[in-house]
Amino acid sequence: NVMRYVVQESSKDFVELSQEIDYIKDYISLQLIRTDSSLDFSYTEIGEMKGLRIAPFILVNFIENAFKYGFNAEKNSKISVKAVVQEGILNFNVFNNIVNENITDESSLKVGLKNTIEHLQQIYGEKQTLVITSDGKTYDVDLKINLI
């Protein structure tokens with residue numbers, strides 16, 4: 001499903017939000033296969049996703065980074081993902097503990113995040129707000145996009 005979605009939807013400007021959420025859930029399922037009981041993971045989805053459109057792959061970068069930095073089998077790991085739609089506004093939150101400090105490709109994180117932020121700005125402009133907070137121990141992404 002993940003590969004099919006990437007091949008079929010990558011060239012489109014917008015996709016159904018419900019399809020993007022399904023892709024994210026499939027991606028999360030793959031990531032959870034490689035984890036163990038040391039990961040405290042939660043996923044919450046609230047609201048009606050159908051009938052709204054979003055730029056594809058705009059959300060998954062935040063989840064990729066959460067699993068990259070937020071899971072370490074030798075430490076207590078926590079990742080939470082929350083997607084809430086209310087009156088056409090998507091509130092998307094990704095939180096993780098920073099428990100994997102042995103990442104050698106720090107530049108790819110910065111480039112990926114920079115590209116995602118630029119993409120959000122180009123497509124949604126003032127219709128989106130992104131707040132990222134980190135205290136060195138936790139990382140919290142709070143994204144709001146008006147999809148109407």
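Two housekeeping notes. This is a predicted model, so to speak: local features need pLDDT of at least 70, side-chain atom pairs count only at pLDDT 80 or more, and totals for chains, interfaces and linings use all residues. Residues are numbered from 1 along each chain as its sequence is written, and side-chain values use heavy atoms, with hydrogens and water left out.

Start in cartoon view. You'll find 4 helices and 7 strands, in the order α-β-α-β-β-α-β-β-α-β-β along the sequence. These are DSSP runs (H or I, at least four residues, for helices; E, at least two, for strands), numbered from the N terminus.

Switch to a surface next. Of the 148 residues, 44% are buried, where buried means under 20% relative accessible area, exposed over 50% and partly exposed in between (1.4 Å probe, protein chains only).

Last stop: the aromatic rings. The structure holds 3 aromatic pairs. Select Phe14 and Tyr124, an edge-to-face pair at 6.5 Å centre to centre with 80° between the planes (centres within 6.5 Å make a pair; planes over 60 degrees apart count as edge-to-face, under 30 as stacked, the rest as tilted). Phe14 sits in the loop between α1 (2–9) and β1 (15–16), while Tyr124 belongs to helix α4 (residues 106–124), 110 residues away. Which one is buried? Tyr124 is, at 8% relative accessible area, whereas Phe14 is partly exposed at 34%.

Technical notes
Rings of Phe, Tyr and Trp (its six-membered ring) pair if their centres lie within 6.5 Å; planes under 30 degrees apart count as stacked, over 60 as edge-to-face and the rest as tilted.
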